[in-house]
Amino acid sequence: MTYSIIAFDPETRECGVAVQSHWFSVGGLVTWGEPGIGAVATQAVVEPAYGPRGLERMRAGRTAPEALAELIAADELGAARQVAMVDAHGGIAAHTGSDCMPFAGQEVGHHHSCQANLMRTGEVWEAMSEAYLGAGGSLAERLLDALDAGEAAGGDLRGRQSAAILVVGPEGEPWQRLVDLRVEDHEDPLAELRRIVRLGGSYELMREGDEIWVAGDKAKAADLYVEAWERTPDSHELKFWAALSLIERGEPEPGVALLREAIDEQPGWRQMIDRLTVEMSPSIEEVRRLLGDYGAGTP
């Protein structure tokens with residue numbers, strides 16, 4: 001009993017699925033995807049097997065409509081299922097069984113499908129589709145906008161509890177994900193999901209910076225570390241590495257001020273400074289000199 005959206009982005013060739021429900025850990029049941037293959041949302045009287053079985057059929061060459069039709073035809077409880085699939089070529093299919101609890105329905109549009117059951121109103125899926133088509137930004141951002149619109153149009157009759165989003169690229173290993181985040185139990189799961197998607201993007205910048213650092217371009221890596229913190233300034237982890245990067249870039253005053261903030265929030269960062277080597281942080285001796293005894297001796 002939930003509402004979800006699946007979509008294909010023709011520019012990036014990404015496939016994605018997002019969901020919210022008053023059910024614990026909804027992402028573990030509803031959202032499925034594989035790079036270069038597609039994505040699946042399975043809900044209502046949920047049968048999680050539609051996820052791997054649908055992906056298996058699309059991997060074997062079936063389109064999303066073909067894969068879904070085969071699975072529904074073989075399912076004795078098909079009338080109680082609500083399932084949507086998208087393949088890596090933009091094919092879309094959705095099924096809302098006649099036994100799904102009202103309000104229940106679907107809106108299949110260009111490269112996307114919105115589906116919902118046990119909703120407070122019968123306007124949810126259409127509102128989601130309109131929001132998705134009118135949204136900008138990345139595929140993940142547009143999926144989140146669609147979920148927000150579904151909530152605004154009434155949402156789950158029972159309220160809110162969990163949410164999830166999954167985005168896969170046009171190629172890669174089966175386990176690789178561009179976005180794979182869940183809110184398992186929260187009073188405002190959509191706000192929390194949006195927050196951690198933003199945080200996840202910042203950590204992706206950090207990972208990119210790490211690779212560039214190892215490759216030898218420390219100046220570019222420092223810029224990425226600072227940008228990651230600027231996107232999500234509440235993270236003391238990102239704050240710490242941005243502070244070192246500012247000092248590395250020749251900006252000692254803001255760097256030390258930021259470093260002190262990080263230490264105040266998590267004293268363990270002071271010990272981290274003592275453990276870093278010049279190979280890990282070329283400016284670490286300058287950092288120690290500028291910081292002095294600040295935070296020393298904290299547990």
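The model is predicted, so local features need pLDDT of at least 70 and side-chain atom pairs count only at pLDDT 80 or more, while totals for chains, interfaces and linings use all residues. Residues are numbered from 1 along each chain as its sequence is written, and side-chain values use heavy atoms, with hydrogens and water left out. Helices (H or I, at least four residues) and strands (E, at least two) are DSSP runs, numbered from the N terminus. Six strands form an open sheet with antiparallel pairing.

**The sheet**

- The strand order is E7-E8-E1-E2-E9-E10, where two strands pair if DSSP finds at least two bridges between them.
- Strand E7 (105–109) and strand E10 (179–183) stand at the edges with a single partner strand each, so one side of each has no neighbour in the sheet.
- On average, neighbouring strands of this sheet are turned by 5° against each other, direction ignored.
- Axes are lines fitted to C-alpha atoms, for helices over the stretch in contact, and angles run from 0 to 180 degrees between N-to-C directions.
- Strand E9 (residues 162–168) pairs with E10 in the antiparallel sense over five bridges, and alanine 163 has valine 183 in E10 as its bridge partner.
- E7 and E8 also run antiparallel and are joined by five bridges; glutamine 106 has glutamine 115 in E8 as its bridge partner.
- In a regular strand, side chains alternate between the two faces of the sheet.

**Helices on the sheet**

- Helix H4 (residues 124–134) packs on the sheet and touches strand E1 (3–9), E7 and strand E8 (112–116), where contact means heavy atoms within 4.5 Å.
- The direction of H4 makes about 150° with that of E8.
- Helix H6 (residues 189–215) lies across E1, strand E2 (14–21), E9 and E10, and runs at about 145° to E10.

- Serine 129 lies in helix H4 and is buried, with a relative accessible area of 5%.
- Residues up to four places away in sequence aside, serine 129 touches Glu107, His112 and Cys114.
- Alanine 127 also lies in helix H4, but is partly exposed at a relative accessible area of 21%.
- Alanine 127 touches Ala149 and Ala153, not counting residues up to four places away in sequence.
- The C-alpha atoms of alanine 127 and glutamate 151 are separated by 9.3 Å, and these residues are 24 residues apart along the chain.

**Residues in loops**

- Asparagine 117 is found in the loop between E8 and H4 and counts as buried at 0% relative accessibility.
- The side chains of asparagine 117 and glutamine 82 make a polar contact (2.9 Å). Such a contact is a pair of N or O atoms within 3.5 Å; within protein, one must be able to donate a hydrogen and the other to accept it, and residues adjacent in sequence count only if both atoms are side-chain atoms.
- Leaving aside neighbours within four places in sequence, the contacts of asparagine 117 include Met1, Thr2, Gln82 and Phe103.
- Phenylalanine 103 lies in the loop between strand E6 (92–96) and E7, and a cis peptide bond with omega of about -5° joins proline 102 and phenylalanine 103.
- Most residues other than glycine have a negative phi, and most peptide bonds are trans.
- Histidine 111 has a positive phi of about 65° and lies in the turn of the hairpin formed by E7 and E8, which have two residues between them. Histidine 111 is buried, with a relative accessible area of 18%.
- Serine 25, in the loop between E2 and helix H1 (27–30), has a positive phi near 50° and is buried at 16% relative accessible area.

**The largest pocket**

- About 540 Å³ of space lies in the largest pocket.
- Of the 20 residues that line this pocket, the closest to its centre are Leu178, Val179, Val197, Gly200 and Gly201.
- Helix H5 (139–152), E10 and H6 are the elements that give two or more residues to the lining, and H6 contributes the largest share, seven residues.
- On a 1 Å grid over the protein atoms alone, a pocket is an open set of points where a 1.4 Å probe fits, with protein on both sides within 12 Å along at least five of seven lines; lining residues have an atom within 4 Å of a point.
- Grid points are joined across faces, edges and corners, and a volume is the space filled by probe spheres set on the points.

Note on methods. Buried means under 20% relative accessible area, exposed over 50%, partly exposed in between (1.4 Å probe, protein chains only).
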